[in-house]
Amino acid sequence: KARARRWVIPSALTPMDAFMLVAGFALPWALGNAILALLPSVPDRRDEPGALAWLIGCGWFAGAFVLTLWMRALSRLGIPLGIVAISAPLVATTTALAWLVLRRDHVTLHVSLRAIGRSLAGSDLEGWRRVAWFALLGWLALRFALLLAEVWWRPLFPWDAWTQWATKARVWFGLKKIVPFVNASDWFLANQPGLYIDAAPNYPATVPLFQVWAATLVGRWDDALINFPWWIIGVAFGLALYGSLRRYRFAPLAALVGTWLVLSLPILEAHVALAGYADLPMAAYYTLGTLASLSALQPRNARDAALPLLLLAAGGVVERPG
């Protein structure tokens, strides 16, 4: 009965927690967008259909990867993993990169927001296509609202999540630094402090660092709120998929149908709702890296190689099979 009560009682999410989570994960998203906007080939193709959705979606994955690299660097330098230490340099870097983008391309925020608004409103569609467009958008919005509730209400649940991934995040958050994990036999033989064990001590740090950042933002370890990044991954993945299909000259409705087909896959939604595994981020990095590679080959353009290399390199350090 106690376990059942824990299941139905949502995590104690305060307005400040919500603000910190949204602002904290908007930071690497904005950083990633700024980085991708500075890649040489992006300005040349920004006007093509789907380019903005592709840029925004991939921006999350690029920025999240840079966030984990920065957290690794801080720990290596002996600097405690706190909000100021992590965010202040990233805010400064994001601001500087955004200024460079605006100065070089003369892009204004209201122009981009207006383009997004026109796209969401289905301004190029008429008749039944417009009705189908809004029906699919509403379906996706409702589904992701329910998935967000799943992430918020359910404590850390999947087996591997609390035996080999969140174990590291819990320790690193408590110590404010990355410390090594070893297997049980090495732990017994080492006879020294500062070593920890779990089911997969050699797994990469990327996924646990997502959770460390979430816990750092709310100032405590919360079994549910640490999984907020998995919901963002689902949203960003959908944006990037839609943008990719539009770049391949799919009509808006056809691209949305394709995106809906992927996002409604039960295995994908299960990995959002049952957050904590590394499979979803690894699959997203691999998929988007592959799509970016195909774009670089049509036509062959060495300048387009930066994005697929970044995405595929990140996928390689999300999980060992990567």
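Predicted model: local features only at pLDDT ≥ 70, side-chain atom pairs only at ≥ 80, totals over all residues.

Biologist: Where is Arg 320 found?

Modeller: Arg 320 sits in the segment after α15.

Biologist: And how far apart are the C-alpha atoms of Arg 320 and Asp 222?

Modeller: Those C-alpha atoms are separated by 26 Å, with Arg 320 and Asp 222 lying 98 residues apart along the chain.

Biologist: Back to α15. At what angle do the axes of α4 and α15 cross?

Modeller: Roughly 50°, and the axes come within 10 Å. So α4 is oblique to α15. Helix α4 covers residues 51-76 and helix α15 covers residues 306-316. As for handedness, α4 passes α15 in a left-handed crossing.

Biologist: OK, other pair: how do α7 and α11 cross?

Modeller: The axes of α7 (residues 127-153) and α11 (residues 228-247) come within 9 Å and cross at roughly 160°. That makes α7 roughly antiparallel to α11, since angles over 145 degrees count that way. The α7 and α11 crossing is right-handed.

Biologist: Switching to the surface, which residues make the nonpolar patch?

Modeller: Tyr 248, Phe 250, Leu 294 and Leu 297 make a nonpolar surface patch of about 350 Å².

Biologist: Is Leu 294 buried, partly exposed or exposed?

Modeller: Leu 294 is partly exposed, because its relative accessible area is 38%. You'll find Leu 294 in helix α14, residues 279-296.

Methods: Residues numbered from 1 in each chain as written. Heavy atoms only, no water. Patch = residues over 30% accessible without salt bridge, like charges linked within 9 Å, V, L, I, M, F, W, Y side chains within 5 Å. Areas by Shrake-Rupley, 256 points an atom, 1.4 Å probe, with all protein chains shown as cover. Salt bridge = Lys/Arg side-chain N within 4 Å of Asp/Glu carboxyl O. Helix = DSSP H or I, 4+ residues; strand = E, 2+ residues; numbered from the N terminus. Buried < 20%, exposed > 50% of the residue type's maximum accessible area, 1.4 Å probe, protein only. Axes fitted to C-alpha atoms, helices over the stretch in contact; angles between N-to-C directions. Parallel < 35°, antiparallel > 145°, perpendicular 65-115°, else oblique. Left-handed = near helix turned anticlockwise from the far one by under 90°.
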